[in-house]
Number of protein chains: 2
Amino acid sequence: MLSTRQLFILQVIIDEFIQTAQPIGSRAISKKDEVSFSPATIRNEMADLESLGFLEKTHSSSGRVPSEKGYRYYVDHLLMPIDLSPRDEQTISGVFNQGMVEFEQVIQNSVNVLSDLTNYTSIILGPEVYATTLKQIQIIHLSKTTAVAILVTNTGHVEHRSFTIPKEINPLDLEKLVNILNERLIGVPIIQLPNRLQMELTSIIDHYVKDVATAFKYLKGALLDQQPNNIYVGGITNMLLQPEFSDVAKIHSLYSVIEQEETMASILRSQDQGIHISIGQENKVTEMQDCSLITATYTLKGQQIGTIALLGPKRMEYSRVISLLERLSNDMTKTFKNW
Amino acid sequence: MLSTRQLFILQVIIDEFIQTAQPIGSRAISKKDEVSFSPATIRNEMADLESLGFLEKTHSSSGRVPSEKGYRYYVDHLLMPIDLSPRDEQTISGVFNQGMVEFEQVIQNSVNVLSDLTNYTSIILGPEVYATTLKQIQIIHLSKTTAVAILVTNTGHVEHRSFTIPKEINPLDLEKLVNILNERLIGVPIIQLPNRLQMELTSIIDHYVKDVATAFKYLKGALLDQQPNNIYVGGITNMLLQPEFSDVAKIHSLYSVIEQEETMASILRSQDQGIHISIGQENKVTEMQDCSLITATYTLKGQQIGTIALLGPKRMEYSRVISLLERLSNDMTKTFKNW
DNA sequence: GTTAGCACTCAACTCTTTCGAGTGCTAATA
DNA sequence: TATTAGCACTCGAAAGAGTTGAGTGCTAAC
């Protein structure tokens, strides 16, 4: 439907705008070496592209700026997959070659490398705890009345929580209880733990523990009360470098959304497998409607367990960012596969 | 040296400026109910206060603004200790009455409540790990080749790290090794662990482990490589609400300092016992020289183990903030005492 | 179909004016 | 002698006018 010349001009404008953040005029385009048409011709094409909704003007005599529809078209049809630059390549390899063996470490490093390379804000949703299974429960006594409960999952994730041992519970009973639970619950998906805990405790009530309700309450509280916090954010201050965020009020509203871990988690959790791009208004959260969010998922045993994302202005370096995310999600998936 | 009227006027100006962030003129002061002098009189006093260095003008015909020397004098001589408002009182009690039993939880909640109540940025330096002692080392095998090492301190702090079990080390040997280490190292201050680890390993080299160097390297790596990260920050976005930080460049430079955990840790670590106030240029870090930093320390068994701090503009609500910090550090100290 | 030419638009910048909240100084007052 | 009224003065902030320049759309010629 669009002529090749129109496509070409659209591409040039978007590419240019991504670099400069300035409206692009017909003369500037015509001066480019690859371009042989006169400014007037380009103006005509631009007028058409504008009436089709791909371009916008900031005021009646300004140069053109891509509209969200323009970005969407660009992303869907014009994007050339590019190879990572040697520098990007090297930086990422460097991170993944240092033999990390812990989920959190891998994620933390990934967040950092992503935001450093792109100057955008990177957000990673860590593996959902409920996709993992219990490896072991441990109770370590700190004093007569306090103890730490430690829960280790098959992915090496460690949850821990201190608690006061209630007077009603005999420490020896507690220990026995934990031993039994370990025997019976290893391999159980974390998400099923509360139910299974209830079942097991009920079944052994008479033998070991006098007051199952209390014991359950405390164990559950100690191990499962707070859903762990698995959002990692890097490079928040990078947003301040973008000219579209020179307004303090804008930054403030954006930051307050990023700070809400539940909101971010639910956004990242609802992403489909693979790369996904939300541009401006396509984002449901109003505060993010000046931004683009690019997400990629990573997997363990074929199952999607988390999401990595980049949040930046709408004029993102889409192709580079996509390559980076693809590479990183692959590397993460690969790293986790070996475990 | 200053007349009581001068003191009074200084106090009124600073109090007012703290509220409004606007230069204060003579007429505005004279209009106050508590004030019976004419604007002219006040102007004379203000001129004197300015030549003494306690006040400044933003331009030659502007109202007066406190200088850093003025704030310093105010803080040292004019500050009235005020009781916490019922609301503040209640909020803090609410946090500490919910029976928290874990260091991190206490600190996280404190950071949040501080920044919420004040609208400043709050920073807490958690208990130094090296001030604590080893309670237990645990190794939990995840698979044939991977394991999590867990280190629990007497304060309930849990450090953990996954690692690949090197081929050179027999899993059974590893277990024996850990048992022996537990027997010998419980109660050892964490800071001495690397040395003691070396010693113990050397002494038992022939009996259990073939290659002590390797075992040491891995254990040390697993347990002690990365100093844990014990800076907690809350309410960073609050800074955006202060009129003195309406400039993006300023915010950016401030944020990048706050992000540097080592810098912040070393600032907080070097604070003396009790409440301490650094105003503007008194801060060593240039990026913080538009701010005031108020710190308070908290203790465990009489020993100072951490610092809580508030970072805000120089025109802080000093008396309220001091009361809050005093109350909070007391509550923290009290909470930790019971453990 | 393309392009040169031209009138037109509008943000950004500069310059000027006006306004008012503030000052310092002097002379009158209690 | 300390206080105050009065007044000339200062300067930032806001509002308005003029200029510039990068851009446009449209028309007519190539």
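Author: Helices are DSSP runs of H or I with at least four residues, and strands are DSSP runs of E with at least two, both numbered from the N terminus. This is a predicted model, in which local features need pLDDT of at least 70 and side-chain atom pairs count only at pLDDT 80 or more, while totals for chains, interfaces and linings use all residues. Residues are numbered from 1 along each chain, chains are lettered from A and ligands numbered from 1 as written, and side-chain values use heavy atoms without hydrogens or water.

Reader: At about what angle to β4(A) does helix α7 of chain A run?

Author: Helix α7 of chain A covers residues 171-185 and lies across both β4 and β6 of that chain. With angles taken from 0 to 180 degrees between N-to-C directions of axes fitted to C-alpha atoms (for helices, over the stretch in contact, meaning heavy atoms within 4.5 Å), the helix runs relative to β4(A) at about 170°.

Reader: Which strands of the open sheet in chain A stand at the edges?

Author: The sheet has 3 strands in the order β4-β5-β6 with antiparallel pairing, where two strands pair if DSSP finds at least two bridges between them. Neighbouring strands are turned against each other by 15° on average, direction ignored. One side of each edge strand is left without a neighbour in the sheet, because each has a single partner strand, and these edge strands are β4 (134-141) and β6 (158-164) of chain A.

Reader: Which residue of β6(A) is the bridge partner of A147(A)?

Author: Strand β5 of chain A, residues 146-153, pairs with β6(A) in the antiparallel sense over 7 bridges. In β6(A), the bridge partner of A147(A) is F163(A).

Reader: How many residues apart in sequence are the parts tied together by R64(A) and E50(A)?

Author: Over all chains the structure holds 28 salt bridges (a side-chain nitrogen of Lys or Arg within 4 Å of a carboxyl oxygen of Asp or Glu). In one of them, the side chains of R64(A) and E50(A) meet at 2.9 Å, N to O. Since R64(A) lies in strand β2 (residues 64-66) and E50(A) in helix α3, both of chain A, the pair ties together parts whose separation in sequence is 14 residues.

Reader: Which element gives the largest share of the surface near DNA strand C?

Author: Polar side-chain atoms lie 2.8 Å from a sugar or linking oxygen in the case of S60(A) and 2.6 Å from a phosphate oxygen in the case of S26(B), while an N or O atom in the side chain of R64(B) is 2.8 Å from a phosphate oxygen. The elements giving two or more residues are α3 (39-51) of chain A and α3 (39-51) of chain B. The largest share, 4 residues, comes from α3(A).

Reader: And which element gives the most to the surface near DNA strand D?

Author: DNA strand D is surrounded by 21 residues, the closest being S26(A), R64(A), T41(B), S60(B) and S61(B), and 78% of its atoms within 4 Å of the protein belong to sugar or phosphate, the rest to bases. Phosphate oxygens lie 2.9 Å from a side-chain N or O atom of R5(B) and 3.1 Å from a polar backbone atom of S38(B), whereas the side chain of S60(B) has an N or O atom 2.9 Å from a sugar or linking oxygen. Two or more residues come from α3 of chain A and from α3 of chain B. With 4 residues, the element that gives the most is α3(B).

How values were computed:
A polar contact is a pair of N or O atoms within 3.5 Å; within protein, one must be able to donate a hydrogen and the other to accept it, and residues adjacent in sequence count only if both atoms are side-chain atoms. A residue is near a molecule or strand if one of its heavy atoms lies within 4 Å of it.
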